[in-house]
Amino acid sequence: MTPPVPLLEARNLTMRFGGVVAVNNIDFTLREVELRCLIGPNGAGKSTFFKMLTGQLTPSAGTIAFRGTPIAGAASHEIARLGIGIKTQVPNVFNGLPVRENVWLAARRRNTPVQAKRLVDEILEKIALTPRADDLVGQLSHGQRQWVEIGTVLAGEPDLILLDEPAAGMTDEETVRTAEIIREINQTRALIVVEHDMQFIKMIAKTVTVFHQGQILMEDKIDAVMHDERVRDVYLGKKVAA
Amino acid sequence: MTRFAGRPLLNWAALAAAVAALIAVPEFVEIFTLMQFTLFAAMGVLALSLGFIWGYGGILSFGQTAFFGLGGYAYAVSVINLGDSTGAIGIAIALPAVFAAILGYFVFYGRISDVYLGVITLTVTLILFNVVNATAGDEYRIGAAALGGFNGMPSVPTFNMPGNPSMVLDPTQGWYATGGALIFVYVALRLLLRSPFGRIAVAVRENEVRASLLGYDPRLIKLGVFVVGGAVAGLGGALYVNWGAFVSPTIFALSLSAEIIIWVTVGGLGTLIGPVVGCFMIQYLDSQIGTQQTFNSNLALGAILIVFVLLLPQGLIPTLRTLAGRAIAAPSRTAAKTTVAERPAEARQ
Ligand SMILES: Nc1ncnc2c1ncn2[C@@H]1O[C@H](COP(=O)(O)OP(=O)(O)OP(=O)(O)O)[C@@H](O)[C@H]1O
Ligand SMILES: [Mg+2]
């Protein structure tokens, strides 16, 4: 029997910026409907990895396959159409447009107008922004803008969702709510979540991949990662100290 | 925020007022003034073309007169050959649209930066000017139409009733046709901006990266906007040539290209009505200054632009809207919403 095609498979993936090797020859595999957490110190290459997965950067070397389709170097909109959605680290929304319009733009691409409208209402409820639906996103708080972006990603109904630091700038309450939503999404969709907040990681994680200096330091169950000497050395220890 | 109740009603009222003005104007003004208004309306269509692509597509073209001129020449050549203005107007819209599609394809798919977009549109306009300018000899004819080089093409047949070349429009009917075209284009663009295409175009202008991460191809969307702008400018060119029954290479003039930018800036970028108001206002001032010898009209135009950029950087219409919004918003907080497409200018405050 041939093994099933993984949802996402990166091989020998490398990204160089001049002399800086931001991502250094990594292999990464994700199953359908898997939830994976990515951790690692600042500058480890996590966001760069996401940018390659979404066509914002063309890898210097290596391959990426999404359900067997090569996507390394493809245009962002093509990759989005294949079913990968991303919430970027720096809020990336339509600041000059109302909340509802932001979500609608994502919902409309795959849905009829009637379906899109229903989906938008549903998502506005989920991200608790129905009362502010008609306000411009630029007028919202940082945390609320994060929610708008998460809502926008959900409205695109991707099969793989990349979340780059979703809990940054959120209140404790909002962080818990984010974890809940992630678990709920994970019933049907795969996710990769980058986060520095270990409390948050513990709420959602099963398998964790640790990035360090552009390479994968280890990949294991959350408990094993938390107790690993090397991980404590390069990342967790420093975080406690900081 | 300029949200207030009854906005849709207001829109209908404004449209009714515009149509009423269109019908009533010939009753109240002399033929000379009517001709002047007809010219303003033709230029208003040109203003709309830039107001649309710049304000809603984020595309600053320094060469909107390229499409305007192509439309003018396409109209002149076609109407001379066809003997009927009906199809000629269609060609005057289609040819610049196709030209915009080809030019836009290279610009947007070649990932040329915004600055170069300006340079390229400017250059293309210059090239067209020089090419047409060089067609003076009798060997430069398209069918029955001699292009005439720098002398232009005199006595271009003007509009006739659709499909009936023997019934040529008189100046009053010419005003109805031109003013009617302006209103029609305005409404059509308004509707386009409410359609998914228009909303996505505004999204691309707002944040190209986000739009592409949602699965929209910014190049394709911008190309679409650019082509619509080319088609509208082409129609403006046909209206202009109809007004003067004459076309010459000066239709490609860079000074006109610059003037359109001033119309849009003064009237208000990010609105559709602003460019039209700016166009009418400045042309009117221009014509008033032209009748007396004290001021140089270019100087006056420059002064107006500087005043606006410094004092009303938003332009006239957005500033008025903000003021009206402040006056009305206070009593009616739970006001009805305007559509997105109508307020990108304030959105960028
Ligand atoms: N466009 C770029 N040009 C040059 N260097 C870059 C670029 N983008 C990222 N880098 C470098 O690549 C390395 C990895 O950056 P990246 O943003 O991927 O880290 P990260 O793991 O997301 O860090 P953080 O946790 O701080 O978000 C860093 O050294 C960064 O300075
Ligand atoms: Mg990062």
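1. Buried here means under 20% relative accessible area, exposed over 50%, and partly exposed in between (1.4 Å probe, protein chains only). By that cut-off, 13 of the 14 residues of α5(A) are buried, so this helix is largely enclosed by the rest of the structure.

2. This is a predicted model: local features need pLDDT of at least 70, side-chain atom pairs count only at pLDDT 80 or more, and totals for chains, interfaces and linings use all residues. Residues are numbered from 1 along each chain as its sequence is written, chains are lettered from A in the order in which they are written, and side-chain values use heavy atoms, without hydrogens and water.

3. Helix α5 of chain A covers residues 142–155. Helices are DSSP runs (H or I, at least four residues), numbered from the N terminus. The expected span is 1.5 Å times one less than the number of residues. For α5(A) that gives 20 Å, and the end C-alpha atoms are 20 Å apart, which agrees. Glu157(A) follows the helix, with a positive phi near 50°.

4. Now the interface. In chain B, 23 residues are in contact (heavy atoms within 4.5 Å) with 29 residues of chain A. The two chains bury about 2300 Å² between them, 60% of it on carbon and sulfur atoms. Buried area is the accessible area (1.4 Å probe) that two parts lose on being put together, summed over both. On the chain B side, Arg210(B), Leu213(B) and Leu214(B) lose the most area to chain A, together 28% of what that side buries.

5. Two salt bridges link chain B and chain A (side-chain nitrogen of Lys or Arg within 4 Å of a carboxyl oxygen of Asp or Glu). One salt bridge joins the side chains of Glu149(A) and Arg210(B), at 2.5 Å, N to O.

Terms used: Helix = DSSP H or I, 4+ residues; strand = E, 2+ residues; numbered from the N terminus.
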